[in-house]
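Biologist: I am new to this structure. Please take me through it, beginning with a single residue pair.

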Amino acid sequence: MKNIKTHWAASMPASQLSKNEVTALSALHAGERGVVAELLGGRGVLGRMAALGFTPGAEVKMMQNFGHGPLIVFLRDTRVALGRGEASKVRVRRA
Amino acid sequence: MTSEDTLTIALAGQPNVGKSTLFNLLTGLNQHVGNWPGKTVERKEGTFTYNGHTYQLVDLPGTYSLTANSAEEVIARDFIIKERPDVVVVVVDAAILERSLYLVAELLPLPAPVIVALNMMDVAQQEGFRIEPEVLEAALGVQVVPMVAARNVGVHELVEAVDTMARDGYDYAPKRPEIRADHRDVLAQIEALIEGCVPEPYPQDWVALKLLEGDREITRMMQECLPEEQWQQVYGILRQHDDALMAVASGRYEWIGRMIRAAVTRPQVGQIGLTERLDHWATHPFWGLVILAGILGLIFWLTYAIGAPLQELLDVYVVGGLAELARAGLAGAPAHLSDLIVAGVIGGVGAVLTFLPILLIFFAVMGTLEDVGYMARAAYVMDGFMHLMGLHGKSFLPLFLGFGCNVPAVLGTRVIESPKARLLTIMLAPLIPCTACMAVVAFLAPAFFGSAATLVSWGMILVALVVLALSGILINKIAFQGQRAAFIMELPLYHLPNGRTIGLLVWQRCLAFVKKAGTLILVVSVVVWILSALPDGEIETSYLAQIGHALEPLGRLMGFDWRLMVALLTSFVAKENSIATLGVLFSAGEETGLAATLAATFSPATALAFLVVQVLFIPCVATVAVVRQETNSWKWTLFNVGFLLLVSWTVGVGVYWLARLVGL
């Protein structure tokens with residue numbers, strides 16, 4: 001019974017805690033969905049990411065995210081693997 | 001440009017949409033593979049005839065967009081703008097329609113008529129999409145031909161559409177995408193500023209759009225073409241709107257959204273496909289590595305089980321047979337000439353031929369893994385590790401297979417898209433100790449180190465890998481300023497491999513090796529043989545020995561004498577030559593045996609240094625030849641050779657003195 005407070009916080013689904021909150025794509029857990037709000041970073045990377053479908057309004061679903069290393073998202077009917085650094089530059093609104 | 005009766009068709013498409021399958025289906029063996037002028041990007045073109053007309057089909061590099069992110073995009077769009085193909089066929093993946101229409105959105109503003117080949121209709125159906133090609137056609141305003149290239153469905157209809165469009169003229173009125181509404185005024189401003197200053201044959205509105213997108217090439221071009229004052233105005237606007245790139249890209253995706261809304265019914269969300277189930281394992285941080293290790297094991301097993309016996313057969317029957325024939329035919333000729341032909345030329349041809357079985361297996365496996373879609377997964381699980389060396393995840397497989405042979409390792413770097421990562425991988429590949437190299441180590445180590453031989457052999461591999469990692473970091477820092485291409489990569493859907501695509505790939509790669517690298521290997525083999533035989537037929541007094549004597553001072557620092565230097569020089573033809581050369585130079589083999597003679601002549605410290613140098617030394621000529629072939633640059637090839645010479649000598653001297661210090 002001692003850790004009841006933390007236990008309650010942890011059991012609450014993250015998506016409800018933070019509905020509509022804008023966060024880094026890399027912060028989404030596997031299975032969570034979001035909508036791209038904006039992209040940060042230099043033009044070279046942005047150009048490549050935009051071509052692959054990362055533009056404002058695009059729906060993304062996190063497929064794999066172990067909290068470290070690269071991750072996999074699903075967007076515009078494709079699986080895209082990207083580095084954690086690249087994923088942190090994509091700002092998404094949790095859906 | 002084209003002659004009157006041959007029309008040019010450009011084949012465009014994003015990666016993994018089945019473009020090569022279609023290309024191979026149309027051209028078969030009537031294709032030629034080369035490089036785009038001045039680039040290391042592969043250029044494939046071929047011909048086919050239809051209805052009595054001859055068509056030249058040019059395969060443009062697979063790109064996601066046409067903005068100058070890499071050489072591929074520039075090649076693709078420059079071909080369309082400057083060479084004006086009669087028709088551009090753009091292949092799109094029906095199962096990834098939204099994303100693959102992005103390239104169509106980029107192609108429509110260019111001055112060449114487009115036909116859309118809607119490929120992989122079967123996959124789209126399996127994934128639950130319902131697509132109506134006629135509706136899409138009406139929306140786009142360009143012809144859309146549904147097809148399944150892998151099963152030759154719809155290809156005839158595509159060719160017919162191309163033929164009709166190219167021959168009979170057409171009514172071409174595509175509905176082009178527009179920039180997002182909030183940036184329309186800016187685009188108009190830029191267009192007004194550059195009016196009349198855009199060099200032929202670039203379309204003015206397209207240039208304005210590319211400026212807004214921040215395209216490097218076009219920005220540079222317009223900076224040169226515009227008067228200074230006007231350029232400053234343009235530059236001012238561009239700086240104010242440095243977010244315009246997203247507006248342009250969003251505009252294209254909004255346009256795509258409108259195109260497909262009517263034509264496509266999407267599947268119910270939540271169904272789990274084959275790809276997702278397989279990826280659960282293949283991209284897992286632990287199981288992914290286990291699967292990768294299993295596949296690597298399988299490749300090595302295949303190489304030894306099939307490749308080695310085939311090599312043996314080629315060596316004994318083809319090369320041996322040729323040598324015997326030549327010897328018999330040259331019975332009356334001077335001994336010098338007969339030796340040159342038999343040992344020099346046929347030996348060199350043999351060196352080229354015996355690579356083929358290994359290359360065949362290697363390309364077949366690499367081609368299959370790529371075609372199935374696994375290559376991207378292997379890159380994904382290895383990416384973190386390879387980053388430490390400034391490399392890309394895709395560098396792992398070629399490098400690892402270098403343990404078998406460095407030649408396919410260098411050729412295998414073609415799977416790496418980023419040119420810098422690819423070049424760096426090529427530079428590092430020769431540092432991987434190949435089987436031939438380890439055979440030399442395995443022969444010499446027991447002679448000097450007895451029971452510690454295994455430890456020494458593993459030590460050599462470790463030294464090579466440490467040197468590789470450090471070189472990677474160093475070259476990346478100095479030559480590429482530590483830049484690393486962003487890691488963002490599509491994981492394509494898994495699908496069954498296409499035998500025709502893989503077969504043609506194996507055929508072309510092997511052919512290119514024999515034609516390009518083969519010549520150089522042959523020439524060097526003959527030259528080294530002549531140097532070792534002239535002036536009087538004895539290697540001890542040959543020109544090669546004289547070179548060995550001249551280089552001896554460099555070797556002295558490691559306790560080498562001229563004979564070890566000559567052995568290293570001959571290992572340039574093939575690594576295992578070291579042993580044969582040492583055998584001749586120490587005229588051993590009769591009583592004591594080479595191993596014992598060497599052990600009696602040199603200290604363990606020298607032996608250790610020799611092994612290190614042997615492992616890190618310039619690779620065999622075949623590897624150098626493919627480095628030249630793949631970098632398409634003598635500068636980088638010579639840099640590579642010089643770098644390896646320097647590294648092997650430095651580490652060799654270091655190891656020698658370290659060994660002396662600990663009393664070896």
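**Strands, contact and helices**

Biologist: Which residue is the bridge partner of Thr23(A) in β6(A)?

Modeller: Thr23(A) has Val92(A) of β6(A) as its bridge partner. Strands (E, at least two residues) and helices (H or I, at least four) are DSSP runs numbered from the N terminus. Residues are numbered from 1 along each chain as its sequence is written, while chains are lettered from A and ligands numbered from 1 in the order in which they are written. This is a predicted model, in which local features need pLDDT of at least 70 and side-chain atom pairs count only at pLDDT 80 or more, whereas totals for chains, interfaces and linings use all residues.

Biologist: How many bridges join β1(A) to β6(A)?

Modeller: Three bridges join them, and the two strands run antiparallel. Strands count as paired if DSSP finds at least two bridges between them.

Biologist: What sheet do they belong to, and in what order do its strands come?

Modeller: They belong to an open sheet of seven strands, with the order β1(A)-β6(A)-β2(A)-β3(A)-β4(A)-β5(A)-β10(B) and antiparallel pairing. β1(A) and β10(B) are at the edges; each has a single partner strand, so one side of each lacks a neighbour in the sheet. On average, neighbouring strands are turned by 40 degrees against each other, direction ignored. Axes here are lines fitted to C-alpha atoms, for helices over the stretch in contact, and angles run from 0 to 180 degrees between N-to-C directions.

Biologist: How do β5(A) and β10 of chain B pair?

Modeller: They pair in the antiparallel sense over four bridges. Arg79(A), for example, stands opposite Leu491(B) in β10(B).

Biologist: How many residues does each chain bring to the contact?

Modeller: Chain A brings 29 residues and chain B brings 27. Residues are in contact if their C-beta atoms, placed from the backbone, lie within 7 Å.

Biologist: Which element of chain A gives the most?

Modeller: α3(A) does, with nine residues. The side of chain A that touches chain B holds 14 nonpolar, nine polar and six charged residues. Here Ala, Val, Leu, Ile, Met, Phe, Trp, Tyr, Cys and Pro count as nonpolar, Asp, Glu, Lys and Arg as charged, and the others, Gly among them, as polar.

Biologist: On to chain B. What is its make-up in helices and strands?

Modeller: Chain B contains 29 helices and ten strands. Its C-alpha atoms fill a box of roughly 90 × 55 × 55 Å along the principal axes.

Biologist: Finally, at what angle do α13 and α16 of chain B pack?

Modeller: They pack at about 125 degrees, with their axes 10 Å apart. That makes α13(B) oblique to α16(B); angles under 35 degrees count as roughly parallel, over 145 as roughly antiparallel, 65 to 115 as roughly perpendicular and the rest as oblique.

Biologist: And which residues meet there?

Modeller: Gly288(B), Leu289(B) and Leu292(B) in α13(B) meet Arg377(B), Ala378(B) and Val381(B) in α16(B). This contact has four nonpolar, one polar and one charged residues.

Methods
Contact = placed C-beta atoms within 7 Å.
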